[in-house]
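Here is a short briefing for a reader new to this structure. Take a look at the model, then read on.

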Amino acid sequence: MCSATSRNILPEPPPDLKCVSEELASVIRTKISLNGPIPFSEYMEMALYEPGLGYYSAGLQKFGESGDFVTAPQLGNIFARCLAKQIEQVGTELGQYEIIEAGAGTGVLAADLLIALQKNHPPKCYRILERSAHLRQVQKETLGRRVPEWMDRISWLDEPPKNSWQGVFLANEVLDALTVERFCVADEGIRQLQVIDTPDGFDWLKGSCPEPMHKQIKLILSQLGQQPGVGYCSELNTQLPAWLQAVTVSLQKGLALLIDYGYTRHDYYHPQRRDGTLICHYQHRAHDDPFKWPGLTDISTSVDFTAVAEAADFCELEVSGYTSQAMFLLACGLDKVLADFELLSERERLMMNNQVRRLTLPGEMGERFQVMALSRGLDESLSNDLQGFSLTDLRYRL
Ligand SMILES: C[S@@+](CC[C@H](N)C(=O)[O-])C[C@H]1O[C@@H](n2cnc3c(N)ncnc32)[C@H](O)[C@@H]1O
């Protein structure tokens, strides 16, 4: 996700959107009045996915310049064209293969990938696993317009596939949208951050931490060289193993490519990162208040890629590569992709340069975003030699 990180003044939403947010806040308040303080994960679930009202469920413009943030596929087709190279390498070994994309946003990555793959080794079909009914509609419109000839081979899944399949599973910026628990270190020890309703709006409560979560956090913190002090807060993605298991259990042979902003565990839970990684986006402003206009604001967290690797072990997937987005794109032949653009006009070339800068510069998406490849059943020579990880492979850091 790309946006200006201004924590100053957020633009005021129009009155009709404020009403939608107030309606969602009232649903959350009712839940709290019935059940007492709720874990942050429940608040985040409702703020993002409450039917008809949550950020991803209501029909708001989220992506692109007129939305709240820009993702790599929204910048142009370079990201997809490079990704296609990695997919082709795996597709060639598999012969017939499918692509399943989770959380496909506006559908632009699917469209650009199908166009790029069309030339050499197209998939048999493309399936999309999407939680948001509104985004499914947007995806259908994008794909119908951009790749109408593919529409009879594109389908939408209500739940992860049950029947075994082979191919490539993709998730770009989906892990960061999974709901998380928040915790803090207090004088009494590790506390779960819960949400309460006050006359001034929602607020945090340091509640008692459920035993399994407490155990997991203690284990993570014990692995750090330096112990975080009182006041330290962070997040724990308790959903991750079950989610990964659900989406990959039927993958018989192939690769899962997970792309997101995140760190290894050591960096994620570094004691200096005292406020965790939670970030909210509203109209291209990043801020840290998830209680501001629930339903109108995106809420996400960075990904602990060590946790993804552990979840992969649990799912009997092999971690076959881990690198930064910049190195992945370069290894997938970014230079060759750019060479195709030589004949473009001056203006188009400027736009292309801008796209490459945002995808690869360290201060933009290049270093903040990581790519992890998880494989199952691939020939060893391929799983150890995936094109995207041929320049740098940082698995040793996990
Ligand atoms: C930040 S957006 C990224 C969209 C797109 N991949 C892109 O790069 O532009 C997160 C997407 O993940 C979807 N999502 C969140 N949780 C999901 C889940 N458990 N399964 C499938 N999709 C999910 C959201 O509805 C949304 O489409």
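## A helix pair and its setting

Helix α5, residues 108-118, packs with helix α6, residues 133-146, at an angle of about 25 degrees. Their axes lie 9 Å apart. The model is a predicted one.

**How the two helices pack**
- Two packed helices are described by the angle between their axes and by the distance between the axes.
- Angles under 35 degrees count as roughly parallel, and α5 and α6 are therefore roughly parallel to each other.
- The crossing in which α5 passes α6 is right-handed.

**Who meets whom**
- From α5, the residues in the contact are Val108, Ala110 and Ala111.
- From α6, they are Gln139, Thr142, Leu143 and Arg146.
- The residues of this contact of α5 with α6 divide into four nonpolar, two polar and one charged.

**The chain as a whole**
- The chain has 14 helices and 16 strands.
- Its C-alpha atoms fill a box of roughly 60 × 50 × 45 Å, taken along the principal axes.
- The radius of gyration of the chain is 21 Å, which agrees with the value near 21 Å that a compact globule of 398 residues would have.

**Burial and contacts**
- Of the 398 residues in the chain, 47% are buried.
- Take the contacts in the chain between residues at least 6 apart in sequence: 79% of them join residues at least 24 apart.

Note on methods: Residues numbered from 1 in each chain as written. Predicted model: local features only at pLDDT ≥ 70, side-chain atom pairs only at ≥ 80, totals over all residues. Helix = DSSP H or I, 4+ residues; strand = E, 2+ residues; numbered from the N terminus. Rg over C-alpha atoms; globule rule 2.2 N^0.38 Å. Buried ≥ 20, exposed ≤ 12 C-beta atoms within 10 Å, placed from the backbone. Contact = placed C-beta atoms within 7 Å. Axes fitted to C-alpha atoms, helices over the stretch in contact; angles between N-to-C directions. Parallel < 35°, antiparallel > 145°, perpendicular 65-115°, else oblique. Left-handed = near helix turned anticlockwise from the far one by under 90°. Nonpolar A, V, L, I, M, F, W, Y, C, P; charged D, E, K, R; others polar.
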